[in-house]
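This report walks through one protein chain, residue by residue. Have the sequence and the 3D view open.

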Amino acid sequence: MPIGSDDLTAIDEVLSAQPGDVQVFGDLRKRLPHLSWTRCDASDVIETPFRTYSQFDIHLLDAADHCVRITSDLAQATGIILAKRSTHA
């Protein structure tokens, strides 16, 4: 199931309202269980984020051809990488 505008609104609400605590990932998985979720450190992803928040970047995942890849195309995306940015300088 592709990511819809309602999904993006829910992601915006959670990531804009909460600081970078450990509950963010669980909150997103609970609110949007139909999406595939992966979490990592932002330094693990070299691609440009789809969206950036105060403590997180999100990247869109496309798993349509048996290989997972990062995409910027919402119509192809079925999952999200939640990449936490380091707060250390």
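**A buried aspartate**

Asp 57 touches Ala 42, Pro 49, Arg 51, Thr 52, Ile 81, Leu 82, Ala 83 and Arg 85, leaving out residues up to four places away in sequence. Contact here means heavy atoms within 4.5 Å. The model is predicted, so local features need pLDDT of at least 70 and side-chain atom pairs count only at pLDDT 80 or more, while totals for chains, interfaces and linings use all residues. Residues are numbered from 1 along each chain as its sequence is written, and side-chain values use heavy atoms, with hydrogens and water left out.

Asp 57 sits in strand E3, residues 56-62. Helices (H or I, at least four residues) and strands (E, at least two) are DSSP runs, numbered from the N terminus. Is Asp 57 buried or exposed? Asp 57 is buried, because its relative accessible area is 9%. The cut-offs are under 20% relative accessible area for buried, over 50% for exposed, and partly exposed in between (1.4 Å probe, protein chains only).

The side chain of Asp 57 also has a polar partner. That partner is the side chain of Arg 85, at 2.7 Å. A polar contact is a pair of N or O atoms within 3.5 Å; within protein, one must be able to donate a hydrogen and the other to accept it, and residues adjacent in sequence count only if both atoms are side-chain atoms.

**The chain as a whole**

The chain has 2 helices and 5 strands. Along the sequence they follow the pattern α-α-β-β-β-β-β. Of the 89 residues in the chain, 34% are buried. Among contacts in the chain with a separation of 6 or more, 54% join residues 24 or more positions apart.

**The helix pair**

Two packed helices are described by the angle between their axes and the distance between the axes. Helix H1 covers residues 5-17 and helix H2 covers residues 23-31; their axes come within 10 Å and cross at roughly 155°. Axes are lines fitted to C-alpha atoms, for helices over the stretch in contact, and angles run from 0 to 180 degrees between N-to-C directions. H1 and H2 are therefore roughly antiparallel to each other; that term applies to angles over 145 degrees. The crossing of H1 past H2 is right-handed, meaning that the near helix is turned clockwise from the far one by less than a right angle.

Which residues in H1 and H2 meet? H1 brings Ala 10, Ile 11, Glu 13, Val 14 and Leu 15, and H2 brings Val 24, Asp 27, Leu 28 and Arg 31. By class, this contact has 6 nonpolar, no polar and 3 charged residues. Ala, Val, Leu, Ile, Met, Phe, Trp, Tyr, Cys and Pro count as nonpolar, Asp, Glu, Lys and Arg as charged, and the others, Gly among them, as polar.

Asp 27 of H2 is partly exposed, at 24% relative accessibility. Leu 15 of H1 is buried, at 3%. Leu 15 contacts Val 24, Leu 28, Tyr 53, Phe 56, Ile 58 and Leu 82, with neighbours within four places in sequence set aside.

Ile 80 lies in strand E5, residues 79-84. Ile 80 is buried, at 0% relative accessibility. Setting aside residues up to four places away in sequence, Ile 80 touches Ile 3, Ile 11, Leu 35, Ser 36, Trp 37, Thr 38, Ile 58, His 59, Leu 60 and Leu 61. Leu 35, one of those partners, lies in the loop between H2 and strand E1 (36-41). Leu 35 is buried too, at 5%.

Thr 71 belongs to strand E4, residues 69-71. Thr 71 counts as buried, at 10%. A polar atom of its side chain lies 3.0 Å from the backbone nitrogen of Asp 73. Thr 71 touches Leu 60, Leu 61, Asp 62 and Ala 77, not counting residues up to four places away in sequence.

**C-alpha distances**

The table lists pairs by sequence separation and spacing.

| Pair | Apart in sequence | C-alpha to C-alpha |
|---|---|---|
| Ile 80 and Ile 70 | 10 residues | 9.0 Å |
| Asp 27 and Val 14 | 13 residues | 7.5 Å |
| Leu 35 and Pro 2 | 33 residues | 8.3 Å |
| Leu 15 and Tyr 53 | 38 residues | 6.6 Å |

Definitions and conventions: Parallel < 35°, antiparallel > 145°, perpendicular 65-115°, else oblique.
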